[in-house]
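Subject: the structure I promised

Hi,

Have a look at it first, then read on.

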Amino acid sequence: MTQTLIDITTKLDELGHKVTCAESCTGGLLAAQLTRLPGSSAWFEIGYVTYSNHAKSQLLKVNETTLNHYGAVSEECVREMALGALIAAKADYALSISGIAGPSGGTAETPVGTVWFGLATKQRISAQQQHFFGNRDEIRTKAVDFALTLLHQYLYR
């Protein structure tokens with residue numbers, strides 16, 4: 001993942017753009033990766049760890065109706081998380097992650113390893129769902145890697 005991260009940060013630095021993140025199941029691991037390289041303050045100023053629904057509503061302005069109707073692990077929620085982070089941080093790109101890392105908490109409809117990702121820019125918001133296998137740490141690591149890959153694909157499209 002190091003080369004992907006180097007590519008992302010190089011491109012952000014070249015463009016003079018900033019990225020933010022809104023994380024739930026990864027609990028700050030994405031922000032840790034985005035700030036791993038020296039000079040990261042050039043492309044990263046703030047990130048949001050919104051583990052509870054209350055935090056998602058309070059900090060990212062995720063609509064309570066969205067959370068009640070669709071749940072925190074949903075396309076609708078990660079779209080609102082990404083948009084809320086983008087606006088609050090005044091960033092150029094926002095990545096959001098919400099999922100079930102386990103070992104408990106899954107259901108038949110949303111099993112452990114289900115993770116939704118959002119990517120917001122000033123022009124668009126997209127969302128994708130992935131299913132990862134492994135223990136809690138493996139699922140969280142795979143989620144961070146996937147989020148970075150999403151941003152990389154967008155920046156180098």
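Where is the place of Ser41? Ser41 is in the loop between helix H2 and strand S2 (44-49). (Helices are DSSP runs of H or I with at least four residues, strands are runs of E with at least two, and both are numbered from the N terminus.) Ser41 is exposed, with a relative accessible area of 57%; buried means under 20%, exposed over 50%, and partly exposed in between, with a 1.4 Å probe and protein chains only. From Ser41 to Leu12 there are 29 residues in sequence and 11 Å in space, C-alpha to C-alpha.

Before you go further: this is a predicted model, where local features need pLDDT of at least 70 and side-chain atom pairs count only at pLDDT 80 or more, while totals for chains, interfaces and linings use all residues. Residues are numbered from 1 along each chain as its sequence is written, and side-chain values use heavy atoms, with hydrogens and water left out.

Now the whole chain. The protein chain has 6 helices and 5 strands, in the order α-β-α-β-α-α-α-β-β-β-α along the sequence. Its radius of gyration is 14 Å, close to the 15 Å that the globule rule gives for 157 residues, so the chain is as compact as a globular protein of that length. (That radius is taken over C-alpha atoms, and the rule is 2.2 Å times the number of residues to the power 0.38.) The C-alpha trace spans about 45 × 30 × 25 Å along its principal axes. Of the 157 residues, 48% are buried. Looking at contacts (heavy atoms within 4.5 Å) between residues at least 6 apart in sequence, 61% join residues at least 24 apart.

H6 (residues 136-155) has 20 residues and reaches 29 Å from its first C-alpha to its last, close to the 28 Å expected at 1.5 Å a residue; the expected span is 1.5 Å times one less than the number of residues. Its buried residues include Ile139, Arg140, Phe146 and Tyr154. Among the elements covering the buried residues of H6 are helix H1 (2-15), strand S1 (19-23) and strand S5 (125-131).

H5 (residues 75-89) has 15 residues and reaches 21 Å, close to the 21 Å expected. Cys77, Val78 and Met81 are among its buried residues. Thr66, in helix H4 (residues 64-69), is buried too, with a relative accessible area of 8%. Leaving aside residues up to four places away in sequence, Thr66 touches Gly71, Glu76, Cys77 and Glu80.

Most residues other than glycine have a negative phi, and most peptide bonds are trans. Lys90, which follows H5, has a positive phi of about 55° although it is not a glycine. Lys90 lies in the loop between H5 and S3 and counts as exposed at 70% relative accessibility. Lys61 also has a positive phi, near 65°; this residue is in the loop between helix H3 (53-60) and H4, exposed with a relative accessible area of 65%. As for the peptide bonds, a cis one joins Gly102 and Pro103, with omega about 5°. Pro103 is in the loop between S3 and S4.

Cheers
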